[in-house]
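Thanks for coming. I have a few minutes on one structure, so let me put it on the screen and go through it.

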Amino acid sequence: MLVGRKVRRGAEVGDIVLVNAREMNRSLRGEVTRVIGPSDDPRNVYEALFASIGTGRTFPPKVEAGAEAVAGKPIGERRDLRHLPTVTIDGDDAKDFDDAISVERLADGYRVWVHIADVSHFVEPGSALDRQAEFRGNSVYLPGTVAPMLPERLSNDVCSLKPNVERATVTAEVEVSGGGETKSAVAYRSLIVSDARLTYAGVDAFLDGGGETEQSDLVRAAYDLSRRLKTGAARRGKLELGGREPEYELDEDGVPVGSTTRRSTPARELIEELMVLANEAVARMLSGSNGGVFRVHERPDEESLETLGQRLAAVGMQVEPTPENLGTISQMAKSDAVNYLILRSIPRALYSPQDDGHYGLALEHYTHFTSPIRRYADVLVHRALLGDEAPADLPTVAAEISEREYRSAICERTADDYTLMWLMRDRVGEDLEGTVVSTASFGLFVQLETGATGLVHVSKLPGWWELEESGVVLSNNTIGASYRVGDRVLVELIDVLPLMRRAELRVVKRL
């Protein structure tokens, strides 16, 4: 594309820019509409990724003004739950607190209050705030930064369930048996005060016997209940695939300087189980009524499972996948690579006005109720739950926010790929351990110990290699050698191009 000097807006070689392109005389001509900045600064890359999906960290003045205007809105009549011991549990760097919990033991079970920020009280249907939230669909989280769904005046302040301040909430109150079965559930507008802002790390240390925590009785009761709920989920067939998520260490300027891998912990599972409990309870309340959107996850079809069976056989697992045994296969394999194959065989979850159940969670009814600060679907659910009128084009809105979620997930995944490679830019020439996670006719994709995934091109392998019909084995029949998904290898990092999300590798040896 040709961009004339007069329409470059001062952009220099190596800058990331936004360009308005048009065809002229069978060639592309462009005009720079915004100069983001040098491409060697990750913060500029993240800004460009936000722009690529039409979102950003700032809002139009009209939307900011709308947030300011409703910030002081009277909370109205509510059930007063300020007397309940209440906490939030989130990551160390969390700023918007959607959810808080209260838990008490009963003679034959537990009573749980899941308090969720009452965003729908402040965001009126059809307002500039509402239209912007619907357009964004969800908040987008990139390393060290976020493009929020709502302006900070609401997301980090008025709606956020900060400790020791009164907050307007919607509470799902659920009574659970000692065996983890829901006995009754109601939902209503409420007023709470969070007594403590707890962190996953702090709660994990407490549960492990290595520290103290505020509201320890509440935390212990919540943990005990979460264990029972987790056991019940396993019994009903919830699909557990684990997975690795990167977490980043940032310097004072917000630039990543290191990464670690985040896996599930007791504290994270505690919150996850209680949120699932509330989401299911609310979905049951909405089932059969008009106006709600549900979180739907379809079962894998026969063709996908047949392909998965062929791939598993090719990597040495002689099993016949069914919708009911994918979790068992995952547990047998204990391999992120096999989990990736399973994930590729099942459809992605989406939002729908139809209450068609959630395959992965093995639930007949499920919705998203617990994160209205960062998901528009939850705002719609709150409105339906509290009797507000649904959008006339609800199926269209559900499809649009599903698509926004998908695009946001790709944006976040792209940022992770880029960042993990950017952090390896000084490690060219080093040997790294990794696992083959995918194969193609042109080489092997290897997930490294750093979390990044690089390519061993077939030109870096001796002789002639072909991709077998299963699609998960690359073989050389002449020398009787093959590489398959799940193989452990030691590779040399030959080159890394973060902006291209490309890391070139060479196999040193098998492990």
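Start with cysteine. Cys159 has a relative accessibility of 1%, so it counts as buried, the cut-off being under 20%. Keep in mind that this is a predicted model. Cys411 is at 3% relative accessibility and therefore also counts as buried. How many disulfides does a search of the whole structure find? The number is zero. For the record, a disulfide is a covalent bond between the sulfur atoms of two cysteines.

Next, helix H7, which covers residues 216-236. With 21 residues at 1.5 Å a residue, H7 should span 30 Å. The C-alpha atoms at its ends are 30 Å apart, so the model agrees with the expectation. Which residues of H7 are buried? Leu218, Val219, Ala221, Ala222, Tyr223, Leu225, Ser226, Leu229, Gly232 and Ala233 are. After H7 comes Gly237, with a positive phi near 105°.

Now a pair of helices: H10, residues 326-333, and H11, residues 336-344. Their axes come within 8 Å and cross at roughly 160°. An angle over 145 degrees counts as roughly antiparallel, and therefore H10 and H11 are roughly antiparallel to each other. The crossing of H10 and H11 is right-handed. Which residues meet there? From H10 there are Leu326, Ile329, Ser330 and Ala333; from H11 there are Val338, Asn339 and Ile342.

Between H10 and H11 there is a loop, and Lys334 lies in it. Lys334 is not a glycine, yet its phi is positive, near 50°. As background, most residues other than glycine have a negative phi. Is Lys334 buried or exposed? Its relative accessible area is 74%, and exposed means over 50%, so Lys334 is exposed.

Asn164 is not a glycine either, and its phi is about 65°. Where does Asn164 lie? It is in the loop between helix H5, residues 152-158, and strand E10, residues 166-177. Asn164 has a relative accessibility of 59%, so it counts as exposed.

To recap the backbone part: Asn164 and Lys334 have positive phi without being glycine, and Gly237, which follows H7, has a positive phi as well. On the cysteine side, Cys159 and Cys411 are buried, and the search finds zero disulfides. That is what I had; questions are welcome.

Notes
Residues are numbered from 1 along each chain as its sequence is written. This is a predicted model: local features need pLDDT of at least 70, side-chain atom pairs count only at pLDDT 80 or more; totals for chains, interfaces and linings use all residues. Side-chain values use heavy atoms; hydrogens and water are left out. Helices (H or I, at least four residues) and strands (E, at least two) are DSSP runs, numbered from the N terminus. The expected span of a helix is 1.5 Å times one less than its number of residues. Buried means under 20% relative accessible area, exposed over 50%, partly exposed in between (1.4 Å probe, protein chains only). A disulfide is a pair of cysteine sulfur atoms within 2.5 Å. Axes are lines fitted to C-alpha atoms, for helices over the stretch in contact, and angles run from 0 to 180 degrees between N-to-C directions. Angles under 35 degrees count as roughly parallel, over 145 as roughly antiparallel, 65 to 115 as roughly perpendicular and the rest as oblique. A crossing is left-handed if the near helix is turned anticlockwise from the far one by less than a right angle, and right-handed if clockwise. Contact means heavy atoms within 4.5 Å.
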